[in-house]
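Work through the exercises below with the model open. Each task is followed by its solution.

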Amino acid sequence: MSRTAAKLLFGAALGAAGLFGWALLRPSNAPRPVLVYCGAAMRMPVDAAAKAYEAETGVRIELQYGGSQTLLANAEVSKTGDLFLPGDDSYLRKAEEKGLLEESIPLGRMSAVLAVRKENPKKIAALADLFRPDVRVVQSNPDAAAIGKLTRQALTKAGRWEALKEKTAVFKPTVHDVGNDLKLDAADAGFLWDAVLGQYPELARVEIPELAGAEATISVGVLRSSKDPAGALRFARWLASKDRGLKEFEKAGFRTARGDAWEDRPKLLLHAGAMLRPAIEPTIVEFEAREGVEVTRVYNGCGILVAGMKSGARPDLYFACDEQFMKDVQGLFDPAAAVSLNQLVILVKKGNPHGVKRLRDLAKPGLRVGVGHEKQCALGALTQETLKFDGTLGAVMKNVVVQVPAGDMLVNQLKAGGLDAAVAYVSNAASSGDVLEAYPVDLPCALATQPVATAKDSPRQELARRLVAAFTSARSKERFLSEGFRWKTTP
């Protein structure tokens with residue numbers, strides 16, 4: 001085992017022992033503390049936000065600062081911790097690849113800059129000046145800190161990294177170590193985040209084209225090791241709230257994300273097509289428990305939901321049964337994500353006593369047929385379009401005895417004996433295979449796509465975005481497939 005790995009293991013063991021000791025001392029009714037692995041660059045705003053959160057909620061926030069890669073290694077080895085806030089999202093992607101991360105919430109951005117002492121005694125004006133013999137260069141370790149990694153990427157692209165690596169006098173573990181060396185005149189030039197540079201009045205920025213576009217996106221991620229994900233997410237939401245944590249990030253010079261306003265227990269309003277209910281309800285229940293929020297569901301035919309929105313109803317999210325019903329109100333929503341597909345089928349009783357297998361069979365004399373209402377639901381609109389395409393609309397509609405706003409109603413009437421056949425979605429009959437048979441309508445227009453979108457004017461857009469992420473997750477995929485849907489999106 002290398003010396004570095006041994007140090008990491010030893011540090012993780014000490015951290016775990018400390019947490020165990022705190023658990024023994026903590027009263028049984030006290031809220032569980034939140035352990036945050038935080039990149040050194042975010043120390044100022046996160047310190048301030050944590051103190052304010054502790055004062056308002058009584059929940060203790062334990063902060064462990066360091067280089068982003070070092071913190072990631074600690075989280076992986078110790079298998080403890082609640083939140084991970086690295087200096088760049090690339091470390092969150094690494095954590096996700098390692099199976100350490102659940103969701104994340106965006107906080108802001110910062111850029112890499114070349115910093116010198118304010119009076120710039122060495123007259124450094126370009127990257128080439130760093131190669132002069134009289135210039136002492138200090139950097140953050142690119143294998144430990146996000147600023148070092150981003151700088152290495154930018155200068156490698158410019159073809160100058162290897163030479164500057166050799167010229168660098170010392171590599172430091174964190175960005176603040178570089179800032180302190182410059183402040184104390186132990187070095188002449190180094191790379192900092194622009195937000196960190198603002199914390200050093202003794203230093204100034206030198207514009208160099210090689211760092212153009214060298215920008216980091218910062219987000220806070222929830223670790224799978226969290227023993228209280230709802231508590232962890234609560235503090236993460238505080239950090240990402242525009243009137244709480246993001247105010248501290250803005251004061252510290254970060255370019256902040258838009259953020260939601262802080263609410264202790266937010267409420268989301270979801271409008272969704274009725275046929276989606278079996279597939280999405282477990283995901284919503286799980287989301288409510290994990291996030292500590294409430295989701296008010298309004299399930300109905302999409303035609304009815306769209307009419308309500310055109311009359312002034314404003315949900316935070318809309319999950320449509322078909323793309324056309326999303327297009328009808330697209331101006332109210334951000335671009336939609338297509339999640340799943342649902343196919344039209346002809347439903348009959350087990351044994352198919354009337355021999356109905358194709359659309360034209362629905363026109364048999366005396367047959368009682370049920371369909372969706374064309375104006376009230378996506379099922380009805382799609383059925384009408386499909387019958388027109390098949391050339392059987394007029395003949396079949398003569399046998400239609402009921403038009404309803406949701407496919408589940410057709411299934412219930414078919415089971416009760418009020419109908420001989422119905423045109424519904426395959427998902428409507430997914431749990432009725434013991435009493436019903438389904439025959440697919442194999443036409444290109446007989447397939448509906450289900451999109452979901454967040455409202456443009458929702459005051460809880462980030463929270464709504466995370467619910468969309470839950471709907472498009474791998475766990476959600478399994479639920480959709482089990483209900484007869486096909487999967488369209490990429491988890």
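**Exercise 1.** Is Ser 78 buried or exposed, and which side chain does the side chain of Ser 78 contact?

*Solution.* Start with accessibility. Ser 78 has 15% relative accessibility, so Ser 78 counts as buried (buried is under 20% relative accessible area, exposed over 50%, partly exposed in between, with a 1.4 Å probe and protein chains only). Then look for partners. The side chain of Ser 78 makes a polar contact of 3.3 Å with the side chain of Tyr 37 (a pair of N or O atoms within 3.5 Å; within protein, one must be able to donate a hydrogen and the other to accept it, and residues adjacent in sequence count only if both atoms are side-chain atoms). A polar atom of the Ser 78 side chain also lies 2.7 Å from the backbone oxygen of Asn 74.

The model is predicted: local features need pLDDT of at least 70, side-chain atom pairs count only at pLDDT 80 or more, and totals for chains, interfaces and linings use all residues. Residues are numbered from 1 along each chain as its sequence is written, and side-chain values use heavy atoms, with hydrogens and water left out.

**Exercise 2.** Where is Ser 219 found? Which side chain joins the side chain of Ser 219 in a polar contact?

*Solution.* Ser 219 is in strand E9, residues 215–223. At 4% relative accessibility, Ser 219 is buried. The side chains of Ser 219 and Asp 89 form a polar contact of 3.2 Å. Beyond four places in sequence, Ser 219 touches residues including Phe 84, Leu 92 and Ile 105 (contact means heavy atoms within 4.5 Å).

**Exercise 3.** How many residues of helix H17 are buried? Describe how H11 packs on H17.

*Solution.* Count first. Nine of the eleven residues of H17 (residues 461–471) are buried, so H17 is largely enclosed by the rest of the structure. Among them are Leu 463, Arg 466 and Phe 471. Now the geometry. The axes of H11 (residues 277–291) and H17 come within 10 Å and cross at roughly 135 degrees (axes are lines fitted to C-alpha atoms, for helices over the stretch in contact, and angles run from 0 to 180 degrees between N-to-C directions). That makes H11 oblique to H17 (under 35 degrees is roughly parallel, over 145 roughly antiparallel, 65 to 115 roughly perpendicular, the rest oblique). Finally, the residues: Ile 280, Thr 283, Ile 284, Phe 287 and Glu 291 of H11 meet Leu 463, Arg 466, Leu 467, Ala 470 and Phe 471 of H17.

Conventions: Helices (H or I, at least four residues) and strands (E, at least two) are DSSP runs, numbered from the N terminus.
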